[in-house]
Amino acid sequence: MENNAVITVVSTVESDGEKEQMEFVTEGKMICGNSYRISYDTDDGTGSELTMIRAGENEVAIYRKGGTESHLTVRKGERYVGHYDIGVAGMMVGVSGRDIRIDMNDDGGKIYLEYAIDINSQHVSMNTVDIKVERIKESN
């Protein structure tokens with residue numbers, strides 16, 4: 001079943017001793033079933049992008065389509081190589097899952113990811129993404 005939802009994303013990137021945190025709140029969609037799917041549109045000034053997140057039992061996949069395109073999969077204890085488009089060129093990026101916590105139900109919930117990014121097997125950053133989803137209940 002597809003529901004409207006309020007989605008809060010807090011992401012932290014730590015690289016070269018520097019830590020940067022970003023937080024945003026947006027409306028999107030949540031679909032419940034064998035896995036939980038979340039989608040929302042963003043516009044950073046360079047064009048609209050659709051972000052889709054699929055949270056399964058042991059993995060989270062994040063897809064972005066629009067001005068740039070990327071596909072990252074995070075599995076705890078595993079390294080996944082995915083495509084990341086920065087607009088002028090694409091590259092292959094390694095994603096090593098450190099921690100995944102998924103606590104979702106039909107009313108929303110939380111997804112927490114911790115992973116390392118590498119390019120050409122060279123460590124680039126340590127990342128956390130904390131996603132909170134709240135289903136918007138329709139009033140009668």
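## Terms and model

Helices (H or I, at least four residues) and strands (E, at least two) are DSSP runs, numbered from the N terminus. This is a predicted model: local features need pLDDT of at least 70, side-chain atom pairs count only at pLDDT 80 or more, and totals for chains, interfaces and linings use all residues. Residue numbers start from 1 along each chain as its sequence is written, and side-chain values use heavy atoms, with hydrogens and water left out.

## Glutamate 78

Glutamate 78 sits in the loop between strand E6 (70-75) and strand E7 (79-85). Its relative accessible area is 43%, so glutamate 78 is partly exposed (buried is under 20%, exposed over 50%, partly exposed in between; 1.4 Å probe, protein chains only).

Setting aside residues up to four places away in sequence, glutamate 78 touches Val95, Ser96 and Gly97 (contact: heavy atoms within 4.5 Å). Tyrosine 115 is 37 residues from glutamate 78 in sequence, and the C-alpha to C-alpha distance is 9.8 Å.

## Strands E5 and E6

E6 runs antiparallel to strand E5 (residues 59-66), and six bridges join them (strands pair if DSSP finds at least two bridges between them). A hairpin of three residues links E5 to E6. Alanine 61 stands opposite threonine 73 in E6.

## Glutamate 27

Glutamate 27 belongs to strand E2 (residues 18-31). Glutamate 27 is exposed because its relative accessible area is 58%.

Neighbours within four places in sequence aside, glutamate 27 contacts Ala5, Tyr40 and Ile136. Threonine 8 is 19 residues from glutamate 27 in sequence; their C-alpha atoms lie 8.8 Å apart.
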